[in-house]
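User: I would like to learn how to read a helix in a protein model. Can we work through an example?

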Amino acid sequence: MANPGRPQSGLELGYARVSTTKQSLDRQLDALASVGIPEAQIYVDTKSGTTVDRDGLNRLLAYARPGDVIVVHTLDRIGRNLREVLNLVHDLSERGIGVRSLADPLPINTADEGMARIAFLLLALFAEMERTFTAERAAHARSVAEAHDRRIGRPIAHPEDKIEYARLLKAQGDSLGVIAAKTGIPKTSLHRYLTTDQPTGTGPSA
């Protein structure tokens, strides 16, 4: 898809993406076609949204010029999360390129200075609020756990007494293979346990 020529300025360029090859692009492609975007001006990706390098999107961004508008079924198609979407839309705006969504609850067109533009700014506000709330929730969880003397994060997968035994064996000069055989703790876990600082007061007395 996508004609490499530039027959005119101010083009509407479509973009569609699915997360896996088992999903269908049909609904997005039909929506783009329904607003008059020809197949030659539609770029697609079938890689996961967590994949940084998306060939279709990269080619679209390289092809787009000031005055063009990138059209998507919904805004989440162009980014892995809301903040990435906002950053990309901001960068495109700096280049004079608009972004329009067709099926969001509040359809957005950043080339429009009216209500659609306000809707996009609200999304940016919500993203910033969510970032703040997430940081506050994490800080609160840490303070509560510290007040109850609990560990934050993934629980230890092996008993503390075995870990202490492994540390003692290491101090005696045993290899990871020998320590793994004696404690039953895999080498990958041993590497993590034995390269972290020992908790205060749990090591052998001097």
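User: Which strands do the buried residues of helix 1 pack against?

Analyst: This is a predicted model. Packing is read from contacts, which means heavy atoms within 4.5 Å. Here the buried residues of helix 1 pack against strand 1 (12-17), strand 2 (42-45) and strand 3 (69-72).

User: Which residues of helix 1 are buried?

Analyst: A residue is called buried when its relative accessible area is under 20%. In helix 1, which covers residues 26-34, the buried ones are Gln28, Ala31 and Leu32. They lie on the same side of helix 1, because they cover an arc of only 95 degrees around the axis.

User: What is on the other side of helix 1?

Analyst: Exposed means over 50% on that scale. Arg27, Asp30 and Ser34 are exposed on the other side of helix 1.

User: How many helices and strands does the protein chain have?

Analyst: There are seven helices and four strands in the protein chain. Read from the N terminus, their order is β-α-β-α-β-α-β-α-α-α-α.

User: What share of the residues in the protein chain is buried?

Analyst: Of the 206 residues, 33% are buried. The accessible surface of the protein chain is about 12700 Å², and carbon and sulfur atoms account for 56% of that surface.

User: What share of the contacts joins residues at least 24 apart?

Analyst: The count takes contacts in the protein chain between residues at least 6 apart in sequence, and 64% of these join residues at least 24 apart.

Conventions:
Residues numbered from 1 in each chain as written. Predicted model: local features only at pLDDT ≥ 70, side-chain atom pairs only at ≥ 80, totals over all residues. Heavy atoms only, no water. Buried < 20%, exposed > 50% of the residue type's maximum accessible area, 1.4 Å probe, protein only. Helix = DSSP H or I, 4+ residues; strand = E, 2+ residues; numbered from the N terminus. Arc of directions from axis to C-beta. Areas by Shrake-Rupley, 256 points an atom, 1.4 Å probe, with all protein chains shown as cover.
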